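I opened my notebook beside the viewer today and wrote down each thing as I looked it up. Come along and check the entries with me.

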Amino acid sequence: MRYLILLAAAALALPAQPQRTNPVVIENAQVRVLKVTDSPRGKGRLHEHAMNRVMVYLNDGHIVLEYEGGKTDDQKVKAGEVRWSAAGGKHSSENVGGGPVEIVEIELKSQPGRKSTGAESTGPESTGAESKPASAALDPVNVAPAHYTVLFENDQVRALRVNIGPHEKIPRHEHTRARVVVFLTGASSKMTAADGTLSQGDYKAGEVVFAAGAVTHAEENLLAAPVEVVMVELKK
């Protein structure tokens, strides 16, 4: 009996570990995308990331990263915020806020780290080849600068924020690169292809999709509410 009591006491003395779920929602030759929920309090184990990442935060939160050697990174994030996170650096993380933090983590396989053969997949496939940007005349940033905004750009990605008002229409434009799309709000859009073909897309807030093919279309927000999206174009 005394032995069982000692075991229970030892278990209570252990530091709490955060309940962190890491479901992979998309994986192909170019990316692995995880939708992560960090529960409040309890420091995670020491780890490192082998690939550069784009982080999309779905709600407000406060996370503290502690690196080997004692350096800390105090991160207060806002819903809809998008950040670049470089690979490397062993660290632990702790959600020090009052509630769970939901994050879409887009791991980029192009560099650094291994290059996938594409054999493992839980989402649409892509070739992993170098991709070409949209033509200047049809680049959505040029066609609709009030709606498509570049958040940041480097040799691996171009991250865009897309805002479309209630029932607004976006003129014809093109998307040439494979892209990860994170819906910050619900969306219902009508797309008109260059040949006049109509299609409709309906998505929930927090949904993540991968689009591999090039497309030229005009689009219309069918909702009586604004739509907000983060689009991460993959250059490799």
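**Entry 1: a strand pair.** How many bridges join strand S14 to S15, and do they run parallel or antiparallel? I found six bridges between S15 and S14, which covers residues 187–193, and the two run antiparallel. I picked out one of the partners: threonine 192 is bridged to leucine 198 in S15. A reminder to myself: strands of a sheet pair through backbone hydrogen bonds, either parallel or antiparallel.

**Entry 2: the sheet around that pair.** I then looked up the sheet and noted an open one of four strands, in the order S12-S17-S14-S15, with antiparallel pairing. Strand S12 (169–175) and strand S15 (198–203) are its edges, each pairing on one side only. From one strand to the next, I noted an average twist of 30 degrees.

**Entry 3: confidence.** I must keep in mind that this is a predicted model. The protein chain averages a pLDDT of 85, and 83% of the residues score at least 70. I marked two stretches where pLDDT stays under 50. For residues 1–18, the model has eleven contacts beyond four places in sequence. For residues 113–128, it has 35 such contacts.

**Entry 4: glutamate 233.** I found glutamate 233 in strand S18 (residues 227–234). Is it buried or exposed? Glutamate 233 counts as buried because its relative accessibility is 7%, and the cut-off for buried is under 20%. What does its side chain touch? I found a polar contact with the side chain of arginine 158, at 2.8 Å. Beyond its neighbours within four places in sequence, glutamate 233 is in contact with several residues, including Gln156, Leu160 and Arg177.

**Entry 5: histidine 167.** I looked in the loop between strand S11 (157–164) and S12, and there was histidine 167. Its phi is near 60 degrees, a positive value in a residue other than glycine. I had read that most residues other than glycine have a negative phi. Histidine 167 is partly exposed, with a relative accessible area of 46%.

Entry 6: In soluble globular proteins, nonpolar side chains tend to be buried together. Here I found that the largest nonpolar core has 20 residues, and Val31, Val33 and Val180 are among those with the most contacts inside it. Strands S3 (31–38), S9 (101–108) and S18 are among those that each supply at least two residues of this core. A second, separate core of 13 residues includes Tyr148, Phe183, Ala187 and Val227.

Technical notes:
Residues numbered from 1 in each chain as written. Predicted model: local features only at pLDDT ≥ 70, side-chain atom pairs only at ≥ 80, totals over all residues. Heavy atoms only, no water. Pairing = 2+ DSSP bridges. Axes fitted to C-alpha atoms, helices over the stretch in contact; angles between N-to-C directions. pLDDT = per-residue confidence, 0-100. Contact = heavy atoms within 4.5 Å. Buried < 20%, exposed > 50% of the residue type's maximum accessible area, 1.4 Å probe, protein only. Polar contact = N/O pair within 3.5 Å; in protein donor to acceptor, adjacent residues only side chain to side chain. Core = buried A, V, L, I, M, F, W, Y, C linked by side-chain atoms within 4.5 Å.
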